[in-house]
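Subject: Structure handover

Hello,

Here is the structure you will be working with. Please open it and keep it beside this email while you read.

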Amino acid sequence: MSELWKGKPVADALDVETSARVEALKAKGVTPCLAILRVGEREDDLAYERGALKRTEKNGVAVKQVLLPADVSQEDLMAAIEDLNKDDTVHGVLMFRPLPKHLDEASACEALLPEKDIDGLTRGSMATIYSGSGAGFAPCTAEACIAMLDHYGYDLKGKRAVVIGRSLVIGKPVAMLLMARHATVTVCHSRTVDMPSVTKDADVVICALGRAEMITGDYFAPGQTVLDVGINWSEEKNKLVGDVAFDEAAEIVSNITPVPAGVGSVTTALLVRHVVEAAEKTV
């Protein structure tokens, strides 16, 4: 049976420093504030939102929620983003993605002010990830994967890493962050031929496909470290599950993150950290 890498000790360690920085800001008359912009009521979004609300309360960060119906118009969405841009009390904005298909997600992301983009939505933040320098923030979930590996003492230098998924939310940015740590990275996706033969050859596998328990035991080999960042609602099991068929993988690999209680809590800890960093830039 593999070693379980839980997110709580990683998130708690991050919170210690974050809370101290919040108190320092409050002493200067600034209360860091996160705005949550959610369209519709996807179960995975709601789960992340609950975690974010708990984390902000724990760290003393204020929250403003902007909740829009799933059939919101593009015009109303853009107006909501503009209101948050103009609100000087808001330091960071979390907009849940993917947006409903009738909305222009690219335009919505680019409408957000770069200084309030604490989850890597804008082109400016993406440029920071790819260039290794700049003022933007990496997407929180992608950065959380690196934080997990760091906390558990895993040295990525020279390791073979496979990322399953190529989205701008997780797959592509986490691949860049892995390369920045000198890992050799392969990105798999829906067109990859014989994916299990690729993943079995890796030292680290990061699963970010967004499909419930699709990555089964035959994708893995002994000795691997597996980070599952999927948050999917299983109608069959009536609970949240990851992208990995956990019971199968846990019998094979050396280290694995659970869902829930894995990468998610680290993601919210870093989200709050980014809000605080954005607030510090206003002082």
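Below are the notes on what was found, starting with how to read them.

This is a predicted model, in which local features need pLDDT of at least 70, side-chain atom pairs count only at pLDDT 80 or more, and totals for chains, interfaces and linings use all residues. Residues are numbered from 1 along each chain as its sequence is written, and side-chain values use heavy atoms, with hydrogens and water left out.

The sheet

Helices (H or I, at least four residues) and strands (E, at least two) are DSSP runs, numbered from the N terminus. Two strands pair if DSSP finds at least two bridges between them. Strands of a sheet pair through backbone hydrogen bonds, either parallel or antiparallel.

Ile164 sits opposite Cys188 in β6.

Strand β2 (residues 33–39) runs parallel to β4, with four bridges joining them. Leu34 is opposite Gly92 in β4. From β4 (residues 92–95), Gly92 and Leu94 point one way, and Val93 and Met95 point the other way. All four are buried. Buried means under 20% relative accessible area, exposed over 50%, and partly exposed in between (1.4 Å probe, protein chains only).

The cores

A nonpolar core is a set of buried Ala, Val, Leu, Ile, Met, Phe, Trp, Tyr and Cys residues joined through side-chain atoms within 4.5 Å. The largest one has 34 residues. Leu156, Leu178 and Val266 touch the most other members. Elements that supply at least two residues each include α1 (8–27), α5 (123–131), β5 (160–164) and α10 (263–280). The largest share, seven residues, comes from α6. Apart from this core lies another, of 20 residues, with Leu68, Val72, Val90 and Met95 among them.

Contact means heavy atoms within 4.5 Å. Leaving aside neighbours within four places in sequence, Val266 is in contact with Gly7, Val10, Ala11, Leu14, Ala144, Ala147 and Met148.

Helices α6 and α7

Two packed helices are described by the angle between their axes and the distance between the axes. Axes are lines fitted to C-alpha atoms, for helices over the stretch in contact, and angles run from 0 to 180 degrees between N-to-C directions. At what angle do α6 and α7 pack? The angle is about 35 degrees, and their axes are 8 Å apart. In α6, Ala142, Glu143, Cys145, Ile146 and Leu149 meet Pro173, Val174, Leu177 and Leu178 in α7.

Just after α7, His182 takes a positive phi of about 70 degrees.

Two single residues

Ser125 is in helix α5. Is Ser125 buried or exposed? At 2% relative accessibility, Ser125 counts as buried.

Asp203 is in the loop between α8 (195–199) and β7. Not counting residues up to four places away in sequence, Asp203 touches Tyr154, Lys159, Arg160, Gln224 and Thr225.

Best wishes
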